[in-house]
Amino acid sequence: QVQLVESGGGLVQAGGSLNLSCTASGSAFTINSMGWYCKAPGKQRTFVAVITTGGAPNYADSVKGRFTISRDNRKNTVHLQMNSLTPDDTAVYYCRAFDGSVYWGQGTQVTVSS
């Protein structure tokens, strides 16, 4: 089993930045990829970014050039640096880990005001 704890959400003005963090515990050594999804009000949860153990990132088109995902394998932590935020980025952001099974964090709210 893997447990995920997110932090770093909050309220920011449009154009601002936030850095989200997610730390894995439990059987974290089995994790292959870690990433982020978001769920805006009235919408389904959607992919934001993912990074493999080897460090290869992949991004949703909507965040390319604005968000950067990084990972510290020794600390079992993944970060999402979010720049040039817009109100459309407002959502609950969930950390996701995969080791053959899928694990989710509890989510952290990101609110971008116009």
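Buried means under 20% relative accessible area, exposed means over 50%, and partly exposed covers what falls in between, with a 1.4 Å probe and protein chains only. The structure is a predicted model, in which local features need pLDDT of at least 70 and side-chain atom pairs count only at pLDDT 80 or more, while totals for chains, interfaces and linings use all residues. Residues are numbered from 1 along each chain as its sequence is written, and side-chain values use heavy atoms, with hydrogens and water left out.

View 1. Read from the N terminus, the elements follow the order β-β-β-β-β-β-β-β-β-β-β; helices (H or I, at least four residues) and strands (E, at least two) are DSSP runs, numbered from the N terminus. The C-alpha atoms occupy a box of roughly 40 × 25 × 20 Å along the principal axes. The radius of gyration of the chain is 13 Å, which agrees with the value near 13 Å for a compact globule of 114 residues, where the radius is taken over C-alpha atoms and the globule rule is 2.2 Å times the number of residues to the power 0.38. Of the 114 residues, 42% count as buried. Among contacts in the chain with a separation of 6 or more, 52% come from residues 24 or more positions apart, contact meaning heavy atoms within 4.5 Å.

**View 2. The largest nonpolar core, with 32 residues.** A nonpolar core is a set of buried Ala, Val, Leu, Ile, Met, Phe, Trp, Tyr and Cys residues joined through side-chain atoms within 4.5 Å. The residues with the most contacts inside this core are Leu4, Met34, Trp36, Val48, Leu80, Met82 and Tyr93. At least two core residues are supplied by each of β1 (2-7), β3 (18-26), β4 (33-39), β5 (46-51), β7 (67-72), β8 (77-82), β9 (91-98) and β11 (108-113). In soluble globular proteins, nonpolar side chains tend to be buried together.

**View 3. Leu80 and Met82 in strand β8, with Tyr93.** Leu80 is buried, with a relative accessible area of 0%, and Met82 likewise counts as buried at 0% relative accessibility. Leaving aside neighbours within four places in sequence, Leu80 is in contact with Leu18, Asn19, Leu20, Trp36, Val48, Ala49, Phe67, Thr68, Ile69 and Tyr93. With the corresponding neighbours of Met82 left out, the residues that Met82 touches are Gly16, Ser17, Leu18, Leu20, Arg66, Phe67, Tyr93 and Val110. Leu80 and Gly8 are 72 residues apart in sequence, and their C-alpha atoms are 9.4 Å apart in space. Tyr93, not counting residues up to four places away in sequence, touches a set that includes Glu6, Trp36, Cys38, Val48, Leu80, Met82, Gly107 and Val110.

**View 4. Phe47 in strand β5.** Phe47 counts as partly exposed, at 28% relative accessibility. Apart from neighbours within four places in sequence, Phe47 is in contact with Trp36, Tyr37, Asn58, Tyr59 and Ala60. From C-alpha to C-alpha, Phe47 and Tyr94 are 9.6 Å apart, at a sequence separation of 47 residues.

**View 5. Asp99 in the loop between β9 and β10 (102-104).** Asp99 is partly exposed, with a relative accessible area of 26%. Once neighbours within four places in sequence are set aside, Asp99 is in contact with Val2, Thr30, Ile31 and Asn32. The C-alpha atoms of Asp99 and Phe29 are separated by 9.1 Å, and the two residues are 70 residues apart along the chain.

**View 6. Asn76 and Ser84, each with a positive phi.** Asn76 lies in the loop between β7 and β8, and has a phi of about 50° although it is not a glycine. Ser84 is placed in the loop between β8 and β9, and its phi is near 50°. Most residues other than glycine have a negative phi. Asn76 counts as partly exposed at 25% relative accessibility, and Ser84 is also partly exposed, with a relative accessible area of 42%.
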